[in-house]
There are 2 protein chains.
Amino acid sequence: MPKTATETPSVETLAADCEQAARELSTLPTEKKNRVLRRMADALEAEEEAILAANGQDVSAAREEGISDALIDRLVLTPERIEKMADALRDVASFADPVGEMSSTTKRPSGIEVGKMRIPLGVIGMIYEARPNVTADAAGLCFKAGNAVLLRGGSNAFRSNQAIASALHEALEAENVNPAAVTVVPTTDRAAVEEMLTLNEHVDLIIPRGGEGLIRYVDETSRIPVIKHYKGVCHLYVDRNADLSVAEDLLLDGKVSRPSVCNALETLLVHEDVADDFLPRAKELLGDAGVELRGDARTRAILLDGVAEATEDDYAAEYLDLTLAVRVVDSDEAARAHITEYGSNHTEVIVTDTLPTARRFVRSVDASVVLVNASSRFSDGGELGLGAEIGISTTKLHAYGPMGLDALTTEKFVVYGTGETRHPVET
Amino acid sequence: MPKTATETPSVETLAADCEQAARELSTLPTEKKNRVLRRMADALEAEEEAILAANGQDVSAAREEGISDALIDRLVLTPERIEKMADALRDVASFADPVGEMSSTTKRPSGIEVGKMRIPLGVIGMIYEARPNVTADAAGLCFKAGNAVLLRGGSNAFRSNQAIASALHEALEAENVNPAAVTVVPTTDRAAVEEMLTLNEHVDLIIPRGGEGLIRYVDETSRIPVIKHYKGVCHLYVDRNADLSVAEDLLLDGKVSRPSVCNALETLLVHEDVADDFLPRAKELLGDAGVELRGDARTRAILLDGVAEATEDDYAAEYLDLTLAVRVVDSDEAARAHITEYGSNHTEVIVTDTLPTARRFVRSVDASVVLVNASSRFSDGGELGLGAEIGISTTKLHAYGPMGLDALTTEKFVVYGTGETRHPVET
C-alpha cells in the first residue's frame, strides 16, 4: 500500500520527494525502467478486481451526483479498459528509451564536435478529471522518459486512481525504485491543486486534462509552464472531388464511434458541388445513429426538414454528444476560412482526391493534426505511434498535438574538443 | 524610414499588425525569404554610416549616464560588428528553410501514414537590453523561420535599434513584404513592455535578453510563455587526468577573452591531485591578464597570498568582470556536486583525458551545454552551428541552450489515408 494513503504530507513535501526521485530516475538504466513498466502492467492485471471494485464505487457515487453520461463514459473502467492500460504500459516498455539518445554530431570550423543528447524534463504535474486510465498512462510515459510524476486526478475518480497507483507502487517497490517517482496527491481538496501550481521550484511542467474550465483555471493560476488544449472543435471537410463513401465512413467514425472525446467531429463542411448528393446520404446515416443536425440555410434548403438552424454558437461548440453542425461552402478556401474562424487548433480532416487541394489544406490549416482521407479519431498518441498519450497540446510551444515520450524530454548540447578556444590564446 | 518612427500606434495595434504579417510569412516561399535576408544584409552595410552615427549618440549618452564598461561593451557598434550582423543574416539566408520540412512518414497498423511538418510559431516578442545586434539577429532568424517579430530593445540602444530597423524595413519594402514582419516598438516607455506582456492573443512567445532583473520581471509579469536564462555561472573543472596546457588555454579564453558575456567562466574547480601543479600556473596566467582570484582554504594554502577568501556568494556569482572563484575538489563527483549546487544550467566544461570521467560529466551535469576539452565561449548559437542566436534557454521546455532556427518553429502531425476509420464502420 502506498504510504500516501495513510499519511497526509503537504503537497510541497510530496513535490520535493518527487524531485529527488526524478534525479534518481534520470540515470536509471533502460532495462531497469522496462522491467518496472512490465511489472506495472502485470500488477494492474493482478489487481483488476480491486481496481474494478474501487471504480464501481466511484461510478455509483458519480451517478448519484447526477454526473452526465459523457463523464460517466470517461470514468467507467472495464476489464477491457484495464487490459488496455496494461498493454499501453507494455508498449511503452517496448519503445526505445529516448533518454541519452545522441543526435549525429557535426564538426564545426573551429574543430569542436557538436551533438545533442536527449534528457528528461524532471517532474511532471498532471491535473486531470474523470478518466482514471490517465493515472497509469501518465505514470508509464513519464517514468520511461526518466521523469517523476505528481498526479492529481478528479475527485470522481479518487478511489479508482488510488487503486491504480497502489498497483503501480507494488511494481516500483519490487524493483527498489523510489516510489515517489509516481506520486498521487492523496486528497480531493481543491486547495491542493492551487498549492501544486505554485511549486515551480520542484515541478517543471503542468499538464492539465479535462474540461475547459479546469484548464483555464490551471493556465491562469500556474507559475509553472502549462501545456494544454482547451477543446477539440474538429471539422470534416468534404471536397468537391471526394470519394463520398470515404466521406460517409469518416463522418460516422468521427461523430458516432465515441462522441464524448476531443477528437470526435463537431462540424461537417461540404463543398456546394457535392452537397446535393452527399447531405441526404449523411442525414440518413447520422439519423440512424441518432445524431441531431444543425445546419446553415443552404444545408436546410437541401435537407428540408429535421435540421435546426445553426447559430454562431453551434459552429464554435464542442458538443461532446450526438449533435453535428453542418455548413455548405463554396470552395476549399471557404472551408479553410471557416476552420480558421471556428477551429480549435486540434484536429482537421479533408476528404479529397485532388492532390493540390489536399496539399493546400495540409499546409494552410493551423491545427496540431491535419488528416487527409482518414478519420479524426486517429488524432491520438497511440494511433499516431507515440504509445499511450500524456496529453494534447493545441499551443505550439514545446509540443503541438498528441504528446508521447519525446514530448516529455528535452535536449542538451554536448561538445567534444581537443583544447579548442574561441579566440587565439597565447600562453 | 519606418512608419513607426513618425506615428505612435498602441503596442496592441502593432502586435495585431505583426500577427497579420505572421500569417502572410507562414507561406512565403523560401527563395523570397532568402532574397529579403540578403537585401537586409546589404542594407545594413549600405547604412553603416547612419547606424554608426546613431550608435555613437547612444554610446555618448550612456557614458554620460555612467553606464558600466560591461554594458558599454555590449552597446558599442563598430564597422566589424555591423559586418558580423550582415554576415549573420547572409548565413541565415544560406541555411535550409525549416518551414514545411516533413519528417519521414511511418505507416501505422491501421494503414494511415503519419509524418510531422515543421511550421512557424507565429509572433515572437523580443525584450532586450543593450546589445543592438539583437535587432538584426532576431529579425533575421524569426523571418527565416516564418515568424513575425515584435522588438523592444533597451532605451540605451534606442537610436541604434531604430537605425538598424530602418535598414531592415528598406529590404522588406523593396521585396513587397509586409513591413510589420519586423516591428520595433517605437518608445522607450516601460509601460510598453508591460502592455506587450499581456498580449497573449497576438504574441506566441516572449524571449527576454538582458540582466537578471529584467528577465525575472518579464517572467513574473507575462501572460505569454517566456523562454529565458537568468545568468551564466559557468564552471571549468580540471580533472586529475587533464592536459594542463589545454586547461590553461580554456581558462584564459573562458575568463579573459570577453568577461562581460554569459558564457564566460566564473568558477574554476581543480582536482586535488593536480592543484599543486595547476593552480600556480593558473594564477600567473590570470594575474598577467588582470584577473582577481577568490579561493577556498585549500586554494589559498597552495597560492599563499593575493587570493581573497571565496564566500558562498562568490560561488553563486555571475561576475561579468575579471574576477574568478576557485575551489579544490576531491573528485569529479565533488566537482559535479558543486556544479549542481551553484550552477545555472547554462554551460559547464570539463578538462580530462579519461573517457569514463568525461562521459559521467556529460551525462550527469544538468546544463544546456556541456563541453569536454573545449572552451565555454563556444556556447553560442553561431559557434554551435545554429547561425545567429535568438536567445539561450536554461529552462527545459521547448528549448534548452542556445536557440536557433529550429527553436523558432514547431511541428504538426500530418496524416494521409485512404478512408481508414478507427472503428469498423458498416454503412
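This is a predicted model: local features need pLDDT of at least 70, side-chain atom pairs count only at pLDDT 80 or more; totals for chains, interfaces and linings use all residues.

Reader: How many Å separate the centres of domain 1 and domain 2 of chain A?

Author: Chain A is split into domain 1 (3-227) and domain 2 (234-382). Taken over C-alpha atoms, the distance between the centres of these two domains is 34 Å.

Reader: Which helix gives the most to the side of domain 1 of chain A that touches domain 2 of chain A?

Author: Four residues from domain 1 of chain A and four residues from domain 2 of chain A make up the contact. On the side of domain 1, three residues come from the element that gives the most, helix α4 (residues 69-75) of chain A.

Reader: Is A:I67 buried, exposed or partly exposed?

Author: A:I67 is placed in the loop between α3 (48-64) and α4 of chain A. Leaving aside residues up to four places away in sequence, A:I67 touches A:A62, A:I72 and A:N156. A residue needs 20 or more C-beta neighbours within 10 Å to be buried and 12 or fewer to be exposed. A:I67 has 16 inside 10 Å, so its class is partly exposed.

Reader: How many Å apart in space are A:I67 and A:N156, C-alpha to C-alpha?

Author: A:N156 is one of the residues that A:I67 touches. In sequence the two are 89 residues apart, but from C-alpha to C-alpha the distance is 9.3 Å.

Reader: How many residues are in the largest nonpolar core?

Author: In soluble globular proteins, nonpolar side chains tend to be buried together. Here A:L44, A:L89, A:C142, A:A148, A:V149, A:L150 and A:L168 touch the most other members of the largest nonpolar core, which has 134 residues. Both domain 1 and domain 2 of chain A give at least three residues to this core. A second, separate core, with B:A43, B:L250, B:A275 and B:A335 among its members, has 133 residues, while the largest has 134.

Reader: Which residue of β12(A) stands opposite A:L236?

Author: Five of the five residues of strand β7 (residues 234-238) of chain A are buried. A:C234, A:L236 and A:V238 lie on one side, with A:H235 and A:Y237 on the other. Four bridges join β7(A) in parallel to strand β12 (residues 347-351) of chain A. In that pairing, the residue opposite A:L236 is A:V349.

Reader: What is the bridge partner of A:H235 in β8(A)?

Author: β7(A) also pairs with strand β8 (residues 265-271) of chain A, in the parallel sense and over five bridges. There, the partner of A:H235 is A:T267.

Reader: Which strands stand at the edges of the sheet of ten strands?

Author: The sheet is open and mixed in pairing, with the order β10(A)-β9(A)-β11(A)-β8(A)-β7(A)-β12(A)-β13(A)-β16(B)-β2(B)-β1(B). Two strands have a single partner each, so one side of each lacks a neighbour in the sheet: β10 (307-309) of chain A and β1 (106-107) of chain B.

Reader: Which element gives the most to the side of chain B that touches chain A?

Author: The contact takes 58 residues from chain B and 59 residues from chain A. Elements of chain B that give two or more residues include α10 (244-256), α15 (355-364) and β13 (369-374). With eleven residues, the element that gives the most is β16(B).

Reader: What is the bridge partner of B:E292 in β11(B)?

Author: Strand β11 (residues 323-329) of chain B is largely enclosed by the rest of the structure, because six of its seven residues are buried. Strand β9 (residues 292-295) of chain B runs parallel to β11(B), joined by four bridges. The partner of B:E292 is B:T323.

Methods. Residues are numbered from 1 along each chain as its sequence is written. Chains are lettered from A and ligands numbered from 1 in the order in which they are written. Two strands pair if DSSP finds at least two bridges between them. A nonpolar core is a set of buried Ala, Val, Leu, Ile, Met, Phe, Trp, Tyr and Cys residues joined through C-beta atoms within 7 Å. Domain bounds come from an automatic or database domain assignment. Two residues are in contact if their C-beta atoms, placed from the backbone, lie within 7 Å.
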